[in-house]
Amino acid sequence: MSRKKLQKLTDTLTKNCKHFNTFEVECLINLFYKLVGDVTERQGMVIGIDRNTFRNILHMTFGMTDDMIMDRVFRGFDKDNDGCINVSEWIYGLSVFLRGTLEEKMKYCFEVFDLNGDGFISKDEMFHMLKNSLLKQPSEEDPDEGIKDLVEITLKKMDHDHDGKLSFSDYEQSVREETLLLEAFGPCLPDPKSQMEFEAHVFKDTDEFNDI
Amino acid sequence: MGEALTKSAQWTAAGHGTRTLEITPLNEVILKEIMMFVESFIYKYPQEAKYVFVEPLEWKTNLDPSAFESGYIVSETTVKSEEVDESGQPLLFLSVPHIKIRNFGQLSRLLLIAKDTKLKEAQACIEANRDPVAKILGLDYNTVKEDTSTVNILDKITKDEDSESEMKMKIAMLLRQLDVHLLNHCLKHISLQISLNPTSVKNDIELLKNFSGKGEQTVLESIDYTSDYEFSNGCRAPPWRQIHGEICYVLVKPHDVETLCITCSAEGVFLNGGKTDDEGEIDYERKGELYKDLVTFLKEKSAKFSENMSKQGIKFRNAQKKEKEEPTNELPEKEEAAPVQKAITLEKNQINFGKSQMTKRLEPSLNWKATVDFKEHRNLLRDPQVEKHRGKPERSGPPVLCGRAQLARKSTEKTEEIVSESSSESEEDEEPSDHRQEANADLPSEYWQIQKVVKYLKGGNQTATVIALCSMKDFNLAQETCQLAIRDVGGLEVLINLLDTDEVKCKIGSLKILMEISHNPQIRRNIVDLGGLPIMVNILDSPHKSLKCLAAETIANVAKFRRARRAVRHHGGITKLVALLDCGKSSAEPAQPSLYDARDVDVARCGALALWSCSRSYANKEAIRKAGGIPLLARLLKTSHENMLIPVVGTLQECASEENYRAAIKAERIIEDLVKNLNSTNEQLQEHCAMAIYQCAEDEETRDLVRLHGGLKPLASLLNNTDNKERLAAVTGAIWKCSMSKENVTKFREYKAIETLVELLTDQPEEVLVNVVGALGECCQEYENRVLVRKCGGIQPLVKLLVGTNQALLVNVTKAVGACAVEPESMMTIDRLDGVRLLWSLLKNPHPEVKASAAWALCPCIQNAKDSGEMVRSFVGGLELVVNLLKSDNKEVLASVCAAITNIAKDQENLAVITDHGVVPLLSKLANTNNDKLRHHLAEAISCCCMWGRNRVAFGEYKAVAPLVRYLKSNDPSVHRATAQALYQLSEEADNCITMHENGAVKLLLHMVGSPDQDLQEAAAGCISNIRRLALATEKARYT
């Protein structure tokens, strides 16, 4: 890509992004192209990070393990639902992912957790997300009993309007009371340690980002 | 060799009844040393070897005549040496089995002949000749008497001159050397094999003391040392008995037997001959069997002891164990995490305890094991019930195990409490009874809910854990049932384990809960027992500020008792906490995600909170100072957040009890900020500031600083709000200390504080009263204030307070009343209210400080009362009481009583009475003192007492004059004046003049005549003139 084009892209993206400065945006753009590889840019063809590459990044760099959550995170990034993350989605996504305010993160997390996108996190969705969260004890008669119980506990804690499902306002209120509940149904944000490593690595220099 | 031999021989002989040497390693060493000495004697000192003993050494030998070869005339049953003395007697004569030897040469040879049996021969010889030195050198050199010394021997020798005695002297010296050598050996030996040592004996006795006293439950009625003096090595036995390994003597009164006088020696414990009535000496002879330690001994002697001991047994054992554990306290933290292991170590310790006491007779006590079993048993009994309740066949192991360990631990803590009772900081070290919920009791529904949540906490991944933690937080964690439920279902362990993970969210959640439940004293202890503190201390290093905050705040809650505070220090927590205070510098850190962010101010605030808790231990105060905490605290003090200021001032206030802190507080200009914060609206902050000023204002410069920074006005105005008693106590305390400076008192008067203080004399708790009265006592040193106090009606409440019992209060009240009594008008009121009688009766108070203060207060009363002579006489037995106080051994009491006597003696009739009570000999007895205050008042008392009858003569007879003359060499001018006046009075008597002259009084007095002090001049001159007149009269008498 020509220097001029890059400059222009950087400027546009920086204007739309409040959490990164020009240098950081440039670093991230470079990283993006490094990840996408040598796909020559052609008119009409969208270039972007596909699902697998993205999941790989989430797994290797941010230590996420839950497939379902990682899928949801990908969907969270992929605003236009075209199956790949283009450069502006990349920058915007990362700005929330890494530097987002509590409000932005809440919105992002809720979208991640709202599996079917109906604006509510239902009991089923919770069950789905939490089903691997307890160590299976062979003694349990019903292995799902614990999960169901956990879902009840969560509902009791978070369902403020007692309608048996979590609306965004339920969720928001709970998180404001107890920030720990931001990622209530699974880690979908980077943990501080890997985040720091990532930022240190990416924003260190423009040349190197081979490990990913 | 005499001393070593007699003593070591006696030691063992006494130990075993018969007069033989027991085969002990020690005796063997001694014998070998003697043998070596004797064997080499013939080579080393050929001359001396020929010296003929005064008396032969005789003993029964096992040697066969046939063993003797050349140089001996051998027959079947006898052997004679060819070597003979001057009179032709053989120097060795053996008539089976008796052998007599007359010189060292023969002794040496005999040992060579005896070869393998020489040890036996040497032993037999020494057993048969209890005092070989006497036999060798003659009775004059007898060393059996314990006072024998080289000087003694030399003395004897220098008297006669012949060559024989020179020889004797040489031998005596040689034997002496051997003696010293042997003693050294013995000591080395004793110190190596010692089994009971002074520390262990002392610990035992201290522990027994703790469990002694009146009543049926105690193990003993009393246990006391015979001697209060403890040598630097921890022994109390006199040095000449220490060589026998004796450590101390103890008088024990069990419930059911007569008082026992017991010797504790390195070997063990035994009954001695008891105290002889006439001299109070102890009969050191052993009268009974040897026991391995005091407890065993007492169990044998007293059935009651044995019985109560088994009841108290666990406690005692644990206390002993605890002491053993103490030094290694840093280590067990890990063990505590593993309850099972802990239980094992308990038993191990038990065995170690036995070992350390008596290496040879290892005998683990069954007592302890039995109790442990009992506990286990109880636990087992409980478990099935618990299971029934849960309706599940198997349950997780940890709760049971931890339950047992905790129970065991709990009992150790209880005894720790008892042991540390004397500690100044024990007040908040409360050990609440453990409300562990019994399985059969009705458990609240929360219990089951919490149990469920803890289950998910244990068995969940990060997400489930966070949910469980958040849900747990929704319980009412301030409620004890919930706090204990978390512990009882094993939640504490999990929460603490979570702190050790890498999951920041879990750590935060766990700390949030721990912070809440650690308000409960039991939980605090459990957290410490589970090793939670070191982990939390480590979290203080975390890059996440909110984690730091939570950890520090939890530490602040947990470190409310001594063991916890110590643990924080030992794990380097103080330095880390102090580092938290340094909040400004960390701003360079990269921005943290908002989730884990906390403000720097909060970090510093939590650090200060934790330090506040920790600063209740002396060692921690030191550690905070060394970590550079004071300047940081000073800097935080400049901020304006009340939340921050309270812990900061609290820490400073706590630490200001230490001298170097007070200096630092002054140096860091902290007083200014303390004063500033007195004006805050937060009562707690005001209280702590006032308290800090109270602590610091012992120092005069600080008092001035408080005034200069305008602190007196807010203090005075805070007096008007009397609802908050704690704050009132702190404020009045600060006023008291500040009013020690005159300028401050003037200010207080300006601010009308004195009137307010008088109002506070009624209806206030004692801690307020002590300070109020103390402040009034200081203020009343000035005339205007005395008038003010009288006018405000302060005298009556003050006199009323004289009937109290609080020691500190009484000291202050007497001082205040004394200060008021300087005013004749006030004195009338005091007299009318019978204040003098009350003061007088305080002379009987057990506390010396109260006595002294009362006596000082009496002085102005006697001076200013109308008809004071009559008043004093009206107190039945009062004068006798005062005179008898001269027998006190407290210098302050003595000085004050002397001052009182000075005033009493101004009335002739009273002087006559106290003379009858023997005031003269008692005063004379005190004369040899170096205390200038006492000297001053004593001299005054003497000079006043001279005014009656033949007291002047009596002082001379009781040898008070010579020491008085020496007072003139003191550096204190007030002593000079009083002494000169006393000497002047005494010099009216011719004999005293002679004594003074002999002691060089004239020169000293001549010097005093040149003093600017008129009274001193006059008295000195008068004294000299009396001495001179006597001299002239003598001269005149001689020439006429």
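This report looks at aromatic ring pairs and at charges over rings in a predicted model.

The model is predicted, so local features need pLDDT of at least 70 and side-chain atom pairs count only at pLDDT 80 or more, while totals for chains, interfaces and linings use all residues. Residues are numbered from 1 along each chain as its sequence is written, chains are lettered from A in the order in which they are written, and side-chain values use heavy atoms, without hydrogens and water.

Let's start with the rings. A pair of aromatic rings is described by the distance of the centres and the angle of the planes. Rings of Phe, Tyr and Trp (its six-membered ring) pair if their centres lie within 6.5 Å; planes under 30 degrees apart are stacked, over 60 edge-to-face, and the rest tilted. Over all chains, the structure holds 22 aromatic pairs.

Is Phe32(A) buried or exposed? Phe32(A) is buried (under 20% relative accessible area; exposed is over 50%, partly exposed in between, with a 1.4 Å probe and protein chains only), because its relative accessibility is 0%. Phe37(B) is buried too, at 13%, and Phe41(B) is buried at 1%.

Elsewhere, ring pairs link Phe54(A), Phe62(A), Phe74(A), Phe77(A), Phe97(A), Tyr108(A) and Phe198(A) into a cluster.

Charges can also sit over rings (NZ of Lys or CZ of Arg within 6 Å of the ring centre and within 35 degrees of the ring normal). The charged end of Arg236(B) is 3.6 Å from the ring centre of Tyr225(B), and Lys737(B) lies over the face of Trp736(B), 4.1 Å from the ring centre.
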